[in-house]
Amino acid sequence: MTDRAAKARKQGSDMSADIIDGKAFAAKVRGQIAGQVARMKADHGITPGLAVILVGEDPASQVYVRNKGTQTLEVGMHSYEHKLPAETRAEDLYALIDRLNADPAVHGILCQFPVPAHLSETEIVARIDPSKDVDGLHVVNAGLLASGQRAMVSCTPLGCLMLLRDRLGSLSGLNAVVVGRSNLVGKPMAQLLLRDSCTVTIAHSRTKDIAAVCRGADILVAAVGRPRMIPGDWIKPGATVIDVGINRVDAPERGPGKTRLVGDVDFDSAKEVAGAITPVPGGVGPMTIACLLANTLTACCRIHGLPEPDGLTA
Ligand SMILES: Nc1nc(=O)c2c([nH]1)NC[C@@H]1CN(c3ccc(C(=O)N[C@@H](CCC(=O)O)C(=O)O)cc3)C=[N+]21
């Protein structure tokens, strides 16, 4: 049975949704990357390198940066971590970015956000060489993507696209609703879906009757950052639901002071309606890091004029 047939069968039935295993898919993607990195070393003597900048000591950011560093090394790339004190002056941060831009061993540069309030994320991103901008945030990359040209594409939307293509095959003609309009996720996600010939709606906090808009979605991508905002009765039966939200909430049921991660979708009610849904954790999050590594490999290939890796770009 094809995926679409399975989806059709699920409509109107009371089966619960397939859970999309982002963790397993991400491990597969990292395996592919590791193979291509090994070949790159053997054939060309080039090792892709990723530089991650962390300003300040936000505990969640420290965990993410550590995970990124470990996974970068696991696929055989070089990892360069730059931890700067919270009070770092903008000019010193820019001097570091300039050095990394000029460093031939560095193919990808990421500055972990949020940064302390005295620094400007916009100006930091503008300082990064667009060809090394593995977050896809530079206006040059946003513009290239929007005009259908070869760009560096933000890691989270790229990961969501890989999961959707794996699940659905062709996305052509499907109604896609993206909830959230951030530069990091919502906007590039909408561009990618449009490029795959979806009919795309971007919904947000001011959208009128957002529930009805979501109910029209064959593909629903939630990227608002509000815990469990989207209930099951906003979801079209059989829809594919991609939950980008990673929200830490109190979990007194786990003991005093305990917390846990939840998405922007109310998973328990949504899974009774959707055809397939990504869990949090274990859904989009691991794909984001896998795509960061994919983007670093892609940037390295482009910088050296080598053919781009298969299946790892948009
Ligand atoms: N310039 C920049 N680019 C980013 O891409 C960026 C950033 N800044 N700042 C912070 C957010 C957050 N982010 C995550 C990546 C992976 C997981 C991830 O792997 N999550 C796991 C588990 C996480 C856990 O257990 O804490 C999961 O969802 O299964 C989460 C969050 C990237 N971000």
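How much of the chain over residues 20-135 is helix, and how much is strand? Over that stretch the chain is 51% helix and 16% strand, and the end C-alpha atoms are 24 Å apart. Helices here are DSSP runs of H or I with at least four residues, strands are runs of E with at least two, and both are numbered from the N terminus. This is a predicted model, in which local features need pLDDT of at least 70 and side-chain atom pairs count only at pLDDT 80 or more, while totals for chains, interfaces and linings use all residues. Residues are numbered from 1 along each chain as its sequence is written.

Three strands form an open sheet in the order β3-β2-β4 with parallel pairing, where two strands pair if DSSP finds at least two bridges between them. The edge strands, each pairing on one side only, are β3 (78-84) and β4 (108-111). Strand β2, residues 49-55, pairs with β4 over four bridges, and V52 stands opposite L110 in β4.

Helix α3, residues 59-74, packs on this sheet and touches β2 and β3, with its direction at about 170° to that of β2. Contact here means that C-beta atoms, placed from the backbone, lie within 7 Å, and angles run from 0 to 180 degrees between N-to-C directions of axes fitted to C-alpha atoms, for helices over the stretch in contact. Helix α4, residues 90-102, lies across β2, β3 and β4, and runs at about 175° to β2.

Next, the domains and the ligand. The protein chain is divided into domain 1 (43-149) and domain 2 (154-287), with bounds from an automatic or database domain assignment. Their centres, taken over C-alpha atoms, are separated by 26 Å, and the contact takes seven residues from domain 1 and seven residues from domain 2.

Of the 16 residues around the ligand, F113, P281, G282, G285 and T288 come nearest, a residue being near if its C-beta atom, placed from the backbone, lies within 6 Å. The largest share of this shell, four residues, comes from α11.

Definitions and conventions. Two residues are in contact if their C-beta atoms, placed from the backbone, lie within 7 Å.
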